[in-house]
Every structure is written in C-alpha cells, then in structure tokens.
Amino acid sequence: MNGFVETIKYVFTMIWEYITAIGITDVIDIALMTFVIYKVMIFVRDSKAKQLFKGVGLFIATLLVSDWFGFNTVNFILRNMLQVGIIALFILFQPELRRALERMGRTKWNSFISLDDKDKEKELEEKRAMISAVCSAAAELSRDKTGALIVFQREDNVFEYAKNGTEIDASVTPSLLLNIFFPRSPLHDGAAIIVDSRIHSAACVLPISQNAEISKELGTRHRAAIGMSESNDSLVLVVSEESGKISVSFDGNMQRDLNAEALEILLTKRLIGDSEKQDVSGIRGSIKNIKGKLQKKVNK
C-alpha cells in the first residue's frame with residue numbers, strides 16, 4: 001500500500017515539474033492578472049468616478065516626469081502626498097467600493113467570472129423599464145397637477161445630496177413614485193434620487209440656482225432642478241404643481257412643456273444614448289463579420 005502511495009506522489013510530482021518547466025504557471029498567473037485588470041476596468045467604467053481616476057493618472061504622470069527631469073522639490077512634495085493619497089482614495093471611493101462589494105455579494109459566481117455582455121444587456125433592460133415607469137408616473141402626476149422632482153444620476157456622484165433625504169433603495173414603479181409625491185406623503189417635499197435604475201432616496205434637498213436670468217415664473221422646484229444640473233451632470237425631471245407641465249433640466253438648462261412621449265425620447269437619449277444602445281448589437285455584428293471572414297478563408 002505504501003508503495004502505491006509513493007508511486008502516486010512520484011507521478012504527481014513529475015507532472016507538476018513538467019508543467020513548471022513549460023511555463024504553464026506563468027500562463028495561469030498572467031491569465032489571472034488579466035482577468036483582475038479587466039474587472040477593475042469594468043468597475044472604473046461603471047463607477048461614477050472616471051474624472052477622479054483621470055486626476056490620479058495625471059498625478060502619477062507628473063510624479064514620473066518630475067523624477068525623470070530631476071525636479072527634486074516637486075518630486076519630494078508629490079511623493080509625500082502619495083503616502084497619504086492611497087488612504088484618501090479609499091475615502092473618496094468609499095461609496096463606489098461599497099456598492100461594488102455589495103454587487104459582488106449578490107452576483108452568482110458564474111455571472112461574476114463571465115466576460116460576455118449579458119450584464120450590459122440586463123442593465124439596458126433595467127434602464128428602459130425605469131424610464132417607462134417614470135414616464136407613466138410623470139403623465140399621471142401632470143394630469144393631477146401634483147408637483148414632483150426626480151433626479152437621475154449619470155456620471156457624477158450625487159450621494160452627497162442623497163444622504164440628506166430618506167433612503168428607500170427600491171425598484172422604480174409608477175405606484176411608488178405616485179405615493180412618494182402624494183401631497184400628504186411625508187416624502188413629497190423634496191426630490192427623489194434614482195441611482196442605477198433604483199430609487200435610492202426621497203425627500204432630498206437640492207441646491208437652488210442663483211442664476212439671475214432664470215424666468216421669474218419658475219418656482220422653487222424648477223430652480224432646484226436647474227441648480228442640481230449646474231452642480232453636476234445629473235438629469236432632473238420636474239412636474240409643476242401649478243400648471244402640471246413636465247420639464248427636464250440638464251447642463252444648467254431646462255427643456256419645458258414635454259408630453260409623455262417626448263419625455264421618454266429625451267430620457268432614453270440622455271440616460272442610455274444611441275452609442276450604448278448599439279453596443280451589444282455592434283459587438284454581435286462584429287463577431288458575425290469575423291466568423292464570416294474566417295469561414296470564407298476555410299472554404300478557399
């Protein structure tokens with residue numbers, strides 16, 4: 001029996017030495033690092049911190065340039081800043097890191113390790129469903145002349161405004177939005193903030209625009225919508241309590257008097273965009289073209 005065990009050990013030892021000799025471990029190591037880098041890039045793309053990462057890249061580039069050209073004073077200052085910079089990054093990215101870890105905890109293993117576009121398709125479906133629910137609710141709020149204020153997060157982080165409201169974390173449905181903005185509801189006075197196609201919080205206080213050129217017929221809700229869109233790149237929907245008119249503010253400007261159909265077109269364009277809508281179909285088309293070319297070469 002001992003001889004058999006020793007033989008098995010010897011065989012496995014020889015196999016491992018053979019694998020090590022041909023560099024399979026290096027291949028596995030590189031593959032694992034490639035996978036990790038890919039996931040980090042996806043996280044950066046999906047997080048709302050692209051501009052922050054650009055700033056970090058510029059900082060590192062300046063540090064390298066100062067080292068190459070012998071700018072000792074600049075290099076000394078940057079190196080000392082770098083020591084506390086890593087801790088600062090964890091603080092700055094705390095909301096994104098928390099959301100990423102929560103998403104990893106909810107995600108099945110096979111979905112996490114996959115490299116296809118199923119997650120992207122699911123995200124687009126959720127956005128379309130959210131937009132449809134918001135438009136349906138906005139149409140009913142407009143008919144009843146019920147005031148409403150809804151913020152859609154895009155690239156820039158809006159959690160500093162969400163934290164002063166009441167956290168909800170619920171799927172977007174017309175009935176929930178109608179209940180939030182019902183005049184006697186404790187949450188109706190303020191803004192509802194939508195993050196990742198979910199209602200993150202309600203009764204949030206937004207910054208009021210100080211632009212003197214804004215029409216005086218616009219009330220506090222409209223000024224708050226414009227102020228929010230001036231502060232970051234978010235999209236803000238307003239339903240007027242006086243007239244029932246639907247407006248959308250973005251980039252410090254406001255598009256007014258929209259119907260449900262025009263609202264859906266605008267939200268789709270601004271929150272999904274033509275390029276994102278075509279991402280999946282474009283990838284599939286490229287794959288088909290490559291397969292077609294390969295098939296032609298095989299046939300030849």
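Modeller: Let us begin with a term: a polar contact is a pair of N or O atoms within 3.5 Å, where within protein one atom must be able to donate a hydrogen and the other to accept it, and where residues adjacent in sequence count only if both atoms are side-chain atoms. This is a predicted model, in which local features need pLDDT of at least 70 and side-chain atom pairs count only at pLDDT 80 or more, whereas totals for chains, interfaces and linings use all residues. Residues are numbered from 1 along each chain as its sequence is written, and side-chain values use heavy atoms, with hydrogens and water left out.

Colleague: Which polar contact joins the side chains of Asn232 and Ser234?

Modeller: The side chains of Asn232 and Ser234 are joined by a polar contact of 2.6 Å. Asn232 lies in the loop between helix H10 (220–231) and strand E5, where helices (H or I, at least four residues) and strands (E, at least two) are DSSP runs numbered from the N terminus.

Colleague: Is Asn232 buried or exposed?

Modeller: Buried means under 20% relative accessible area, exposed over 50% and partly exposed in between, with a 1.4 Å probe and protein chains only. Asn232 has a relative accessible area of 9%, so it is buried. If a contact means heavy atoms within 4.5 Å, then Asn232, leaving aside its neighbours within four places in sequence, is in contact with Asp156, Val158 and Tyr161.

Colleague: How do I read the pairing of E6 with its partner strands?

Modeller: Two strands pair if DSSP finds at least two bridges between them. Strand E5 (residues 235–239) runs antiparallel to E6 and is joined to it by four bridges, and Val236 has Ser249 as its bridge partner in E6. Strand E7 (residues 253–258) also pairs with E6 in the antiparallel sense, over four bridges, with Val248 standing opposite Gln255 in E7.

Colleague: Which residues take a positive phi in these hairpins?

Modeller: In the hairpin of E5 and E6, with six residues between the strands, Gly244 has a positive phi near 80 degrees. In the hairpin of E6 and E7, with two residues between the strands, Asp251 in the turn has a positive phi of about 55 degrees.

Colleague: How should I describe two aromatic rings?

Modeller: A pair of aromatic rings is described by the distance of the centres and the angle of the planes. Rings of Phe, Tyr and Trp (its six-membered ring) pair if their centres lie within 6.5 Å, and planes under 30 degrees apart count as stacked, over 60 as edge-to-face and the rest as tilted. By this rule the model has one aromatic pair. The ring centres of Phe69 and Phe71 are 6.1 Å apart and their planes lie at 20 degrees, so the pair is stacked. Phe69 is exposed, at 60% relative accessible area, whereas Phe71 is partly exposed at 44%.

Colleague: How much confidence does the predictor place in the chain?

Modeller: pLDDT is the predictor's confidence in each residue, from 0 to 100. The chain has a mean pLDDT of 79, with 73% of its residues at 70 or more. Over residues 274–291, pLDDT stays under 50, and the model has 14 contacts beyond four places in sequence for them.
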